[in-house]
Amino acid sequence: MGVARGLLLMSIPVLLVSLILAPYPKLVLGTWLGRWVEIGQALAKIFVFMVCVDVTRVHPQFDTLEYVTSEMRAASSSLTTADARLEKVINLVDDYGWNRGFLINVGDVKGQVLDQALRARRRDPQPLQLAVELGTFVGYGTLRMARVLNGSSTLITVDPSVMSYAIASSLYEQAGVRDQITMKKDFSYNTFRELKLQGKKIDALFIDHVKKFYLSDLKLALQLDLLAQNCVVVADNILSPGAPDYKSFMFSEEGRQLFKTEVHQLHVEYMPTWPDEVLVSTFLGAS
Ligand SMILES: C[S@@+](CC[C@H](N)C(=O)[O-])C[C@H]1O[C@@H](n2cnc3c(N)ncnc32)[C@H](O)[C@@H]1O
Ligand SMILES: *[C@@H]1O[C@H](CO)[C@@H](O)[C@H](O)[C@H]1NC(C)=O
């Protein structure tokens, strides 16, 4: 009796998991039965993710949003200016990265290289009209860029993840800069093609998405003639996880003709003992 009961109880989570994971029930079971399985799946998901597992606690991006929104509410009376709100959200995300969990933002140390590169580009006589970030994640890098750009340029951030789309737009709103940022829930290369069709040129590019796409996306931008003269290209995580082919290209004969590149040797976000590099390259113009 005890064994049978145990087996029965154990079969419940197994059934739930198989129900949740079974793909395309309508294709396999037909419209009528498939629809009932879909409803079962949806109810099981609601049960698992609303009753059993608190997603906001287990998911790092949700947990960050939870932390930032509660702290912003607590601090709201002291945050009297727009700049103060933006500053506070950036600091809270860093605080989460250093003291609560770990996040894959550019972080406050390498982030200063990004800030300086954008500031230097803003001092050019040619205006900085369009800045693009590849890889949004929770929107931390975008917030740093928005702080430097101060509403003076179009700022586009690209990420195919709907989780990033939801979390980052909430953080932008908390920071009061939602209207300064254009979000593309898409892949880097699609956004490049769209910008090409619109006849746009990029003046600042922050590359921080999938490491193995750094070089191919840079080459795509070159091929589409998307980089404006003097465009500043900042690339994070050159050592960890690493984009060695991107770095080799920048220092190859071809790369040196197209870009002037500086290497900044720092450390992985929120981990002072783990080395990392940021590359800042200025586009010299098509050869
Ligand atoms: C390291 S995180 C970005 C961090 C962010 N730039 C910051 O500093 O706060 C990398 C992000 O790239 C996104 N990603 C993956 N493939 C992509 C693609 N093809 N184009 C743009 N983003 C992509 C991932 O979903 C992930 O959120
Ligand atoms: C940011 O923009 C506002 C409004 O356009 C302007 O008043 C302010 O001086 C700018 N701040 C900086 C640091 O450029």
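**View 1. Ligand 1 in its pocket.** In this predicted model, ligand 1 sits in the largest pocket. A pocket is an open set of points on a 1 Å grid over the protein atoms alone, with protein on both sides within 12 Å along at least five of seven lines. To sit there, more than half of a molecule's atoms must lie within 2 Å of the grid points. Around ligand 1 there are 21 residues; V106, G135, G141, D159 and D208 come nearest. Near means a heavy atom within 4 Å. The shell holds ten nonpolar, eight polar and three charged residues. Asp, Glu, Lys and Arg count as charged, and Gly is among the polar residues.

**View 2. Backbone contacts to ligand 1.** Polar contacts are pairs of N or O atoms within 3.5 Å. A polar backbone atom of V106 lies 2.8 Å from a ligand oxygen. For G135, a polar backbone atom is 2.8 Å from a ligand nitrogen. At G141, a polar backbone atom is 2.9 Å from a ligand oxygen. On its own, ligand 1 has 610 Å² of accessible area, and the protein covers 89% of that. The areas use the Shrake-Rupley method with a 1.4 Å probe.

**View 3. Backbone geometry at F137 and P241.** F137 is not a glycine, yet its phi is positive, about 55°. F137 is in the loop between β1 (130–134) and α8 (140–149). S240 and P241 are joined by a cis peptide bond, with omega about -5°. P241 belongs to helix α12 (residues 238–242). Helices (H or I, at least four residues) and strands (E, at least two) are DSSP runs.

**Notes.** Residues are numbered from 1 along each chain, and ligands from 1 in the order written. Local features need pLDDT of at least 70, side-chain atom pairs 80 or more, and side-chain values use heavy atoms.

Notes: A polar contact is a pair of N or O atoms within 3.5 Å; within protein, one must be able to donate a hydrogen and the other to accept it, and residues adjacent in sequence count only if both atoms are side-chain atoms. On a 1 Å grid over the protein atoms alone, a cavity is a set of points where a 1.4 Å probe fits but cannot get out, and a pocket is an open set with protein on both sides within 12 Å along at least five of seven lines; lining residues have an atom within 4 Å of a point.
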